[in-house]
Amino acid sequence: MSMSDELAPMQDKVTWPRAICTRHCELACAVALGAIALFFIIYASNFAWGSVALPGPGFFPLLLGIALLFCSLWIGAETWRTAATGDCHELGHRDVLIVMGALFLVAPAFERLGAYLTLGLFAFVLLVLVARKNVFVAAASSAVGMAAVWYFFQILLGLQLPKGLLLG
Amino acid sequence: MSSFELLVNGFGTALSWKGLLYCFIGCLWGTVVGVLPGLGPLAGMTLLLPLTFGLDPTTGIIMLTGIFYGAMYGGSTTSILVRIPGEAASVVTCIDGHEMAKQGRAGPALMIAAVGSFIGGTVSILGLIFIAPPLAKLMIQIGPSVEVVLILFALVVIALVSAGSRIKTASMISLGLLLGTVGMDKLTGFPRFTFGSLGLSDGLSFAALAIGLFGISEILLNLEKTQTIKAIVPKFRDLIPRGKDLREAFPAIGRGSLIGCIFGIIPGVSHIVSTFVSYAVEKKLSRHPEEFGKGAIAGVAGPETANNAVTGTAMIPLLALGIPSIPATAILLSALTIHGVQPGPLLLTDNPQVFWGLIASMYIGNVILLILNLPMVGLFVNLLRIPYVWLVPAILVISVVGVYSVDFNAFDIWVMAFAGFVGYFLRKFGFEMAPLLLALVLGDRLEENFRLALTMSNGNYATFVDNASLIVLFGSIGLLLSVQGIAWAFGYRKAFADQAEGA
């Protein structure tokens with residue numbers, strides 16, 4: 001077996017970021033917008049609509065939900081009718097995934113761990129994984145950064161950020 | 001008190017040490033975000049929005065407005081020296097500005113851009129002084145029906161002037177209006193889409209959505225790019241333009257001022273569109289149109305003046321009507337509301353110090369920017385050497401703290417992260433965020449006034465067409481549609497798009 005044969009299965013493996021056809025992306029967007037519209041329509045149907053002359057709290061969301069559904073159908077139909085051009089969007093960029101993942105972890109940890117610990121860890125992770133800095137440099141930078149955040153927001157502006165379980 | 005006396009009082013506020021300091025901070029930060037690709041005025045303003053909470057409304061708004069027009073100045077620097085537009089309104093400047101830099105004429109290009117920006121900004125402030133107060137007086141008598149039509153007018157115009165697909169813009173407007181319905185219904189107190197969460201009872205946080213949709217999504221999009229910066233930095237003595245340059249630039253500056261002032265009032269993406277219109281006009285009127293694209297100074301002077309001339313007149317709909325016409329003024333609206341100041345016709349009577357203090361600070365800010373930008377151009381260009389990945393953690397940490405400190409609610413961090421995630425995908429697939437944000441700001445007022453007008457008229461829809469001011473508004477809509485039709489017929493839209501792509 002030649003070397004190239006051995007490498008062939010490796011080349012078939014999924015590589016990130018992945019190139020996704022623009023047409024498929026737009027169709028996915030249309031479906032997502034349609035789903036949001038349907039959610040609002042179904043939910044708004046439980047509210048009091050009032051009448052056309054005197055609308056209630058459900059009237060506007062229902063009307064706007066229908067408008068969004070119409071737009072999503074239009075976008076979907078327009079994309080469906082368009083021939084594939086071969087244009088692609090790259091999705092799943094490593095750094096983007098790391099930043100998004102880290103940001104979604106900040107939200108639940110912010111009050112539990114405390115602002116400074118959460119943000120310090122967040123900055124550390126980004127410096128190591130995205131900026132590709134040495135662990136010691138990243139740790140020192142995060143610590144200095146948190147001291148700056150504390151001084152600026154807490155001392156200068158008087159903002160009380162949550163101290164969390166560890167420091168509280 | 002006469003307008004002149006109020007303006008003098010405004011200068012008193014703006015020239016106080018606090019006014020000057022925060023105006024300077026705003027201008028400096030604005031220039032920095034304008035210079036750094038991927039951090040436009042919107043991200044710059046939303047990031048510093050929480051810092052204004054500890055300030056009085058006038059000082060806070062002075063700082064935020066400084067960021068807005070400071071970014072317009074800063075954007076031109078990178079367009080000329082590096083061919084990277086710091087923000088969208090500087091795209092056109094890349095075409096001739098960088099060509100001039102390559103020919104060793106970066107200095108005159110920067111000087112003309114700065115002088116044009118100064119003149120454009122100053123003319124537009126005069127427009128604001130003369131138009132906003134009488135308009136506010138007129139609007140003080142309007143009822144909810146007129147406000148409904150005004151908001152509809154703004155939304156229609158946003159849909160018309162947006163650069164992307166109309167249907168995508170319409171979907172973003174619908175989505176923005178829908179998101180605006182989340183929270184307690186103002187007329188009945190009925191909770192809508194809150195799922196029993198107290199965090200949602202006041203609606204989705206505007207600051208969280210704005211930072212997410214603009215700031216976070218911008219960072220994510222920029223992480224995908226790798227740029228090598230090769231700047232051409234001129235020496236201070238090379239800034240002086242030749243006589244020929246001045247003769248060609250000054251008429252372009254005059255026309256750019258006029259175009260920018262007119263476009264500033266139009267809702268949507270006026271600061272971007274005005275630069276393309278100005279460039280097209282200059283090329284059309286030039287005796288040497290073949291020089292455009294090869295380093296024509298009028299191609300720098302006109303668009304740069306136009307994008308700064310927008311800043312003053314864009315404040316007219318916000319300050320006189322309470323309706324933001326561009327996303328930057330939507331953030332100002334949010335800031336004013338947080339400070340308990342309601343922009344609109346009553347602003348001039350209830351909070352004249354905010355209105356006149358802001359106007360005076362804009363004059364001063366333009367002078368600060370002129371002084372700041374020319375001698376320190378080398379310093380600002382050096383900012384581009386800071387690796388972007390170093391800036392990302394800093395910007396994100398400030399964003400998280402900023403969003404949290406608006407309501408001290410960790411739920412808003414979720415909203416920001418989710419908005420950033422959604423905004424990233426939507427922008428990647430050609431959806432614009434500006435219509436969504438403007439619709440979000442205007443949504444609850446549209447609904448409230450619509451239902452109020454119908455309640456007051458016992459459900460009679462004729463209330464929306466029985467007023468002289470409504471006829472004027474409908475006439476304006478017709479006029480704008482005609483202008484749009486003419487521009488379309490002459491193929492300007494395609495030409496602008498081609499030029500933007502070329503840049």
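Mentor: Two residues are in contact if their C-beta atoms, placed from the backbone, lie within 7 Å. Keep in mind as we go that this is a predicted model.

Trainee: Thanks! With that in hand, which residues does L91(A) touch, leaving aside those up to four places away in sequence?

Mentor: Start with its place: L91(A) lies in strand β2 of chain A. Setting aside residues up to four places away in sequence, the contacts of L91(A) are P17(A), R18(A) and I20(A).

Trainee: What distance separates the C-alpha atoms of L91(A) and Q154(A)?

Mentor: Along the chain, these two residues are 63 residues apart.

Trainee: Let's look at helices. How do α4(A) and α5(A) run relative to each other, roughly parallel or roughly antiparallel?

Mentor: Their axes are 10 Å apart, and the packing angle is about 170°. Among the residues that meet are I98(A) and V99(A) in α4(A), and A115(A) and T118(A) in α5(A). By class, this contact has 11 nonpolar, one polar and no charged residues. Angles over 145 degrees count as roughly antiparallel, so α4(A) and α5(A) are roughly antiparallel.

Trainee: And how are α6(B) and α12(B) arranged, roughly parallel or roughly antiparallel?

Mentor: Helix α6 of chain B covers residues 106–139 and helix α12 of chain B covers 298–313. They pack at about 30°, with axes 7 Å apart, and their crossing is right-handed. An angle under 35 degrees counts as roughly parallel, so α6(B) and α12(B) are roughly parallel.

Trainee: How many residues of chain B are in contact with chain A?

Mentor: On the chain A side, 51 residues take part. Their partners in chain B number 44.

Trainee: Which element gives the largest share of the side of chain A that touches chain B?

Mentor: Several elements give two or more residues to that side, including α2, α4 and α6 of chain A. The residues of that side divide into 40 nonpolar, six polar and five charged. The largest share is 11 residues, and the element is α3(A).

Trainee: Which element gives the most to the largest nonpolar core?

Mentor: That core has 212 residues, and A109(B) is one of those with the most contacts inside it. Not counting residues up to four places away in sequence, A109(B) touches I80(B), G97(B), M100(B), A101(B), I297(B) and V300(B). With 15 residues, the element that gives the most to this core is α6(B).

Trainee: What is the phi of F408(B)?

Mentor: F408(B) sits in the loop between α18 and α19 of chain B. Most residues other than glycine have a negative phi. F408(B) is not a glycine, yet its phi is positive, at about 50°.

Methods
Residues numbered from 1 in each chain as written. Chains lettered and ligands numbered in written order. Predicted model: local features only at pLDDT ≥ 70, side-chain atom pairs only at ≥ 80, totals over all residues. Helix = DSSP H or I, 4+ residues; strand = E, 2+ residues; numbered from the N terminus. Nonpolar A, V, L, I, M, F, W, Y, C, P; charged D, E, K, R; others polar. Axes fitted to C-alpha atoms, helices over the stretch in contact; angles between N-to-C directions. Parallel < 35°, antiparallel > 145°, perpendicular 65-115°, else oblique. Left-handed = near helix turned anticlockwise from the far one by under 90°. Core = buried A, V, L, I, M, F, W, Y, C linked by C-beta atoms within 7 Å. Buried ≥ 20, exposed ≤ 12 C-beta atoms within 10 Å, placed from the backbone.
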